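Please brief me on this model.

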Amino acid sequence: MSVEIFLNDLFIGTTYGTTFKNFYDDNLLFLQNQPKLYIRMLKRIFVIIFVFVSIRAVSENASHLPEKIYFGYNELYKKPNYKHNQYIIKSKYDYSDVTSTITEGCNNDYEKICAIYKWICDNISYDTDYKIYDADKCWDERKGVCQAYCNLFYHMAKSVDIRVEIVGGMTKDHDGYTTDEHGWIFAYTKKDHGILLDPTWGAGSVDGNVFTRSDDYWIWFDVSPEWMILTHFPVDNSYQLLDVPISRSKFLSLPPVSSLWISYGMNANDIYDMVMRGELSLPAFYADGEGKFQFIEFPLQESLKIGRFYTIRVKMLTDHNIGIANNNAVSYKKDDWHYEGDGIYSIEFMPRETGGISFCIHDQDDVWSNIIKYDIEDPTEEDWNMLMQHYPLDTPLARNVENLFEKEWDDAGIDNHELLELIKKHNVKELPVIYTNMGANLNIISIPMNYKLKKGHTYTFSIQPRNGERWAIVNDEEWYYEWNITDDGIYTMDLTPNQSGALVIYVMLGNDNRYSGCIGYKVE
């Protein structure tokens, strides 16, 4: 290897390395005119100097290790029967100095594996020309196919005494597309235990001839066997790391798996069990929440029922607002959720409308984006009855009624259940209007429940004022003050409207002789 290539590879990716590389470039002519022995000596000097000044740089690199591997399980899976690996291509390079730099500051083999994986995902692109299979050319060109990714990982790990096996087999992507030749990694964290990872999938994805680097490479690091077997089927069944390995035909029959399921923290055992039972039925998933939260608990089903309570628990990784949207109307925002501590929020909610219901997140552009979306099953009579117990005004009978402002009616002493019964009893299509913030001034005892009244008909109005100096009913321009007042403060008036137009119950709230409307009707 020439001194130029040696230094370029040695110093790549570090501030200190760039400084020494610039020094070398400035003195290139001098070096080229020196004897080979002298150049070899200079190589050794440069290595010593580089390692000395790299301590701070690699400490900074080590700080990029995740404090917690959110998308792995950190479990150690026993993998016996180590043997010669047919997928390993010999290397002519010594990766020990570079890998020691990358893993400086790591406390154990697990952290070293993590650091190597991160470096490869950050620096190696997929070779869309499909020509680079070995570690050395992958290192030189900074690209390669899956075998090159795995071989580079293997040789870098081996150089710091970490035992690695390259696993070969077939894969299935989220669209259900399968390939018969893919490689991934089993890395030993101690003598006979280790973890599964796929640096190729972790690095990014390929669409046609375009490679796109992943924003979330930890998804494919320290992957549980239950997740891995849904997308990766090894030639050697022992690499499944399952108590009961599955067959190739079973693997091919499995439904496609979305990487979002892993990213959003779904439990691998739950999904694996559902898949194996042939009962996998999940909501639609969207990518806008990646890196912002993880699910702890949510309904593992494709559709929900009206009138049933469901629980969602999430761990927020950012300070984004969250909510539940039933037919695009966002409710149950973050302030309505119960904060359990440690970034964990939970809520119990009930679908109250047909259509769809979504868990959504609010982004910095003031847009609510769906993260998961459920269908709502066609409601049965039992579903409506269940809903009626908790939200009676969300039943179809009440939803079709105009002027149904439940807060104002509740303020006026008519709760939701009583209001629904009155709507049924009087066959109401349009309620009288309780003006905004005026319901709190009275308790309604008995009033006409239909907005439209008939001229010449007699109606009874019975209220119990809470506030106000004087109460009146006005029909067009005729004022009526003749209330029958009981000892317990109930005002009653029988009134026959003689004028078409408005009929309003008014109250004088102050001493300025000004009246404010409380409840309004229309006389026809």
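Tyr117 sits in helix 6, residues 109-123 (helices, H or I with at least four residues, and strands, E with at least two, are DSSP runs numbered from the N terminus). Tyr117 is buried, at a relative accessible area of 0% (buried is under 20%, exposed over 50%, partly exposed in between, with a 1.4 Å probe and protein chains only). The model is predicted: local features need pLDDT of at least 70, side-chain atom pairs count only at pLDDT 80 or more, and totals for chains, interfaces and linings use all residues. Residues are numbered from 1 along each chain as its sequence is written, and side-chain values use heavy atoms, with hydrogens and water left out.

- Beyond four places in sequence, Tyr117 touches Phe153, Leu197, Asp198, Pro199, Gly202, Tyr217, Trp218, Trp220 and Phe221 (contact means heavy atoms within 4.5 Å).
- Tyr117 and Ala157 are 40 residues apart along the chain, and their C-alpha atoms are separated by 9.6 Å.
- Thr103 lies in the loop between helix 5 (96-102) and helix 6.
- Thr103 is also buried, with a relative accessible area of 5%.
- Leaving aside neighbours within four places in sequence, Thr103 contacts Lys112, Ala115, Ile116 and Val160.

**Largest pocket**

- The largest pocket holds about 1,400 Å³ of space.
- The search runs on a 1 Å grid over the protein atoms alone: a cavity is a set of points where a 1.4 Å probe fits but cannot get out, and a pocket is an open set with protein on both sides within 12 Å along at least five of seven lines.
- Lining residues have an atom within 4 Å of a point.
- Grid points are joined across faces, edges and corners, and a volume is the space filled by probe spheres set on the points.
- The lining of this pocket has 42 residues, and Thr200, Trp201, Gly204, Ser205 and Val206 lie nearest the centre.
- Elements that each supply at least two lining residues include helix 8 (146-159), strand 4 (164-172), strand 5 (178-190) and helix 9 (199-203).
- Strand 7 (204-207), strand 8 (210-213) and helix 12 (259-263) also each supply at least two.
- By class, the pocket lining divides into 18 nonpolar, 17 polar and seven charged residues.
- Nonpolar covers Ala, Val, Leu, Ile, Met, Phe, Trp, Tyr, Cys and Pro; charged covers Asp, Glu, Lys and Arg; the others, Gly among them, are polar.

**Gly204, by the pocket centre**

- Gly204 is among the residues nearest the centre of the largest pocket, and it belongs to strand 7.
- Gly204 counts as buried, with a relative accessible area of 16%.
- Its contacts beyond four places in sequence are Phe211, Thr212, Arg213 and Ser214.
- Gly204 and Cys121 are 83 residues apart in sequence, yet 7.7 Å apart in space, C-alpha to C-alpha.

**Enclosed space**

- The whole structure has one cavity of 30 Å³ or more.
- The volume of the largest cavity is about 30 Å³.
- Helix 10 (225-228) and strand 10 (232-234) are the elements that give two or more residues to its lining.
- Trp184, Leu196, Pro225, Met228, Ile229, His232, Pro234, Tyr239 and Gln240 line this cavity.
- The cavity lining has seven nonpolar, two polar and no charged residues.

- Most residues other than glycine have a negative phi.
- Asp222 is not a glycine, but has a positive phi of about 55 degrees.
- Asp222 lies in strand 9, residues 221-223, and is buried at 0% relative accessibility.
- Leu241 is not a glycine either, and has a positive phi of about 60 degrees.
- Leu241 is in the loop between strand 10 and helix 11 (248-253), and counts as buried at 15% relative accessibility.

**Whole protein and confidence**

- The secondary structure comes to 17 helices and 30 strands.
- Of the 524 residues, 47% count as buried.
- Among contacts with a separation of 6 or more, 61% join residues 24 or more positions apart.
- Mean pLDDT is 85, and 83% of residues reach 70 or more (pLDDT is the predictor's confidence in each residue, from 0 to 100).
- Residues 1-33 stay under 50, and the model has 44 contacts beyond four places in sequence for them.
- Residues 46-75 also stay under 50, with 57 such contacts.
- Where pLDDT is low, the predicted coordinates should not be read in detail.
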